[in-house]
Amino acid sequence: MKVLRTPDKYFTNIKGYPFDPIYTDVFADDGTEIRIHHIDEGPSDGPILLAMHGQPVWSYLYSKMIPILNDSGIRVIAPDLVGYGKSDKPASRNDYSYQNQVDWMNQWLVKNNLNLQNLKWLTYLSSTSVYGNHDGAWVNEDSTTNPQTLAGKNRLNVEKDWLSIGTKNSLPVQIFRLSGIYSDRYNAITRLRNDQKFVVEKKNHFFSRIHVKDIAQTLYLSLNKSLNNDIYNLSDDKPASNIEVVKYACNLINFELPKIISFDELEEGMLKDFYKDSKKVSNKKIKDIFKLKLIYPTYEEGLKVNV
């Protein structure tokens, strides 16, 4: 197997990614050495959150959540899957099989003494896209799942796989279905300041959102209060259309509303897929079970901190 390695110089001064690299060597079937990178942040004696995504990604994905979890006393370990980030990259596409990734990461787990048999908390972060379109109606964890997009269908399949694995192996699996994620760094105001070109208007289009800080605090609460093989929606209190959020952001920072275009003017792709679904996502279950008090109950509080 031919293996490529991205020079370290290309990872210097990445904004919001100040973490020290840690490397582990694993081996392919033909004996080729493969270097896997991970980060290990937070108190050494804290509960471990192993951030391993169901799709091939690198640890930068978690960079905004790690400091928040660390502040709550959680130690976060996040690997770059082979082929991504600072980990080595097999040169042939044929080497990127599901089984190879499983084998390589199993070696990595063993070498880093991460025994999954002692798991107390195993969480898959899914998406509310699994519900599909509900014509603006409210949905909860018992609502029909009918995803229309490929991403939504894939996420629902992964949910079912994880729940099945949890049942067969007596593992504490839980699923969090996340609404649209925003943060202090990436939100309606920062998009306006970065010269947002247009805003889409579609009648009866509603979607829910959740601030990354509320994701972090919910995951922390779930360490001790969650139920095995259960599903939770993670959203704020106020579903709204995108144009409503953008108008509010414009008023906060005295910006003109970008050009308004219709749904029909969008080209086929991820953005148009987003507007095909309309639903309001209930958060009643996470409030009842985790006694959750949202830091940002609506997008209004979440945006005001950026003014």
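This is a predicted model: local features need pLDDT of at least 70, side-chain atom pairs count only at pLDDT 80 or more; totals for chains, interfaces and linings use all residues.
**Rings and strands: a short tour**

Residues are numbered from 1 along each chain as its sequence is written, and side-chain values use heavy atoms, with hydrogens and water left out.

Now, the rings. The structure holds 11 aromatic pairs. Rings of Phe, Tyr and Trp (its six-membered ring) pair if their centres lie within 6.5 Å; planes under 30 degrees apart count as stacked, over 60 as edge-to-face, and the rest as tilted. Take Phe207 and Phe274: their ring centres are 4.9 Å apart and their planes are at 75°, so this pair is edge-to-face. Phe207 sits in the loop between strand S11 (198-201) and strand S12 (209-211), and Phe274 in helix H7 (residues 270-276), so the pair ties together parts that are 67 residues apart in sequence. Helices (H or I, at least four residues) and strands (E, at least two) are DSSP runs, numbered from the N terminus.

Is Phe207 buried or exposed? At 16% relative accessibility, Phe207 counts as buried. The charged end of Arg209 sits over the Phe207 ring, 4.3 Å from its centre. That wording requires NZ of Lys or CZ of Arg within 6 Å of the ring centre and within 35 degrees of the ring normal. Lys272 has its charged end over the ring of Phe263, 5.1 Å from the centre.

Elsewhere, ring pairs link Phe11, Tyr17, Phe19, Trp58 and Tyr60 into a cluster.

Finally, the strands. Which residues of strand S13 (residues 230-234) are buried on each side? Asp230, Tyr232 and Leu234 are buried on one side, and Ile231 and Asn233 on the other. With 5 of its 5 residues buried, S13 is largely enclosed by the rest of the structure. Strand S9 (residues 173-178) runs parallel to S13, joined to it by 5 bridges; two strands pair if DSSP finds at least two bridges between them. Ile175 has Ile231 in S13 as its bridge partner.

There is also an open sheet of 4 strands, in the order S2-S3-S5-S4, with mixed pairing. Its edge strands, S2 (22-27) and S4 (48-50), each pair on one side only.

Methods: Buried means under 20% relative accessible area, exposed over 50%, partly exposed in between (1.4 Å probe, protein chains only).
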